[in-house]
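Visitor: I'd like to walk through this model with you before I set anything up. Can we start with the overall picture and then go into details?

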Amino acid sequence: MKSDRNSSRGRQEGKKSTPLSRKSSTPLSRKSPKKTFTKIKDAPKSDESTGIRLNKYIANSGVCSRREADTYIEHGSVEVNGKLVTEMGYKVQPDDIVRFDGTSITPEQKRYILLNKPKNYITTMDDERGRKTVMELIANASKERIYPVGRLDRNTTGLLLFTNDGDLAKKLTHPKHNVRKLYHASLDRKLELRDLEKLRGDVIIEGRKVFIDAISYVDGQPKSEIGIEIHSGRNRIVRKIFEHVGYKVSKLDRVVFAELTKRNLPRGRWRELTNLEVTNLQIMK
């Protein structure tokens, strides 16, 4: 599998809804639905023990957010099996046919793409200043819209995960899950042993505590080559950690993210996660 460097514009940040142009030649209406409607008494019955909540089904189909979906459901924009449904907790079953503003919708298939990010690409969907973005590197990786999980700054290389699985993305970026991140940092000079010891355990950066899980010299390399493991997701945190003790990071590479590694993944290339890798991420505590 190889990556594609052609430019691709992803979802703009803050964009709340997207027409289903892939599924229909006629875009869905974005007009505010009328607030007066008539409930259909013989609306389909929902099996509460199975299925997926209707608002989540709509959001997974790429129509809008869950919160917006609740509004559209309430105001009569959604039909299931030809019947109007205004019940917020309705659960869609596998054989149900769901229509939004008269157009049939289905949830997007979940995709998981791992990129070995090169230098000089920014982690954003697009850039008003015309800088290169990571979306260019994974342009043909998926027909579904996928988004980066977390960020790497422009000069940082290494592992970056993309997915349309919102639940997993939230899990991997939430501090309580302590997702493992291992970096290889190249410093502007030898890291003195006394300074290395200062960075073991808790460090106060910009008035906030950061816990360094592990830090050591890289075996067989000069003392300016450092391995550092953290679970904090704060912006530029590794660079700030070394600046805290008077060193500058000249190169920074993320070599492990949530137990995913760069093995057999050249710089600038991407691959799909295996089913086992996806399962392991989903069962992380």
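Visitor: How many helices and strands are there in the chain?

Guide: The chain has 7 helices and 16 strands, and please keep in mind throughout that this is a predicted model.

Visitor: And what percentage of the residues count as buried?

Guide: Of the 285 residues in the chain, 45% count as buried. The accessible surface comes to about 16200 Å², and 46% of that surface belongs to carbon and sulfur atoms. As for contacts between residues at least 6 apart in sequence, 69% of them join residues at least 24 apart.

Visitor: Let's go to the second largest pocket; what volume does it have?

Guide: The volume of the second largest pocket is about 690 Å³. Its lining is made up of 35 residues, and those nearest the centre are Arg151, Ser232, Gly233, Arg234 and Asn235.

Visitor: Which elements give two or more residues to that lining?

Guide: Those elements are helix 4 (166-173), strand 10 (181-187), strand 12 (208-217), helix 6 (237-244) and strand 14 (249-257). The largest share comes from strand 12, which gives 4 residues to the lining of this pocket.

Visitor: How does the lining of the second largest pocket divide by class, for nonpolar, polar and charged residues?

Guide: By class, the lining holds 13 nonpolar residues, together with 11 polar and 11 charged ones.

Visitor: Staying with strand 13, how many of its residues are buried?

Guide: Strand 13 is mostly covered, with 6 of its 6 residues buried. In a regular strand, side chains alternate between the two faces of the sheet. Both faces of strand 13 are covered, with Glu225, Gly227 and Glu229 buried on one side and Ile226, Ile228 and Ile230 buried on the other.

Visitor: Which way do strand 10 and strand 13 run, parallel or antiparallel?

Guide: Strand 10 and strand 13 run antiparallel and are joined by 6 bridges. Strand 12 also pairs with strand 13 in the antiparallel sense, over 5 bridges. Glycine 227 of strand 13 is the bridge partner of histidine 184, and glycine 227 is the bridge partner of serine 216 too.

Visitor: OK, strand 9 next: why is it described as largely enclosed by the rest of the structure?

Guide: Strand 9 is largely enclosed because 8 of its 8 residues are buried.

Visitor: Which way does strand 9 run against strand 14, parallel or antiparallel?

Guide: Strand 9 and strand 14 run parallel, with 3 bridges between them, and threonine 156 has leucine 252 of strand 14 as its bridge partner. Strand 7 (112-117), in contrast, runs antiparallel to strand 9 over 6 bridges, with tyrosine 112 standing opposite threonine 163. Strand 8 (residues 147-148) is also antiparallel to strand 9, through 2 bridges, and there proline 148 has phenylalanine 162 as its bridge partner.

Visitor: Changing topic, what is the order of the 4 strands in the open sheet?

Guide: The order is 3-2-5-6, and the pairing is antiparallel. Strand 3 (83-84) and strand 6 (103-105) stand at the edges with a single partner strand each, so one side of each has no neighbour in the sheet. Strand 6 is joined to strand 5 (residues 98-100) by 3 bridges, with threonine 103 of strand 6 as the bridge partner of phenylalanine 100.

Methods: Residues numbered from 1 in each chain as written. Predicted model: local features only at pLDDT ≥ 70, side-chain atom pairs only at ≥ 80, totals over all residues. Heavy atoms only, no water. 1 Å grid on protein atoms, 1.4 Å probe; cavity = no way out; pocket = protein on both sides within 12 Å on 5 of 7 lines; lining within 4 Å. Points joined across faces, edges and corners; volume = space filled by probe spheres on them. Nonpolar A, V, L, I, M, F, W, Y, C, P; charged D, E, K, R; others polar. Buried < 20%, exposed > 50% of the residue type's maximum accessible area, 1.4 Å probe, protein only. Contact = heavy atoms within 4.5 Å. Areas by Shrake-Rupley, 256 points an atom, 1.4 Å probe, with all protein chains shown as cover. Pairing = 2+ DSSP bridges.
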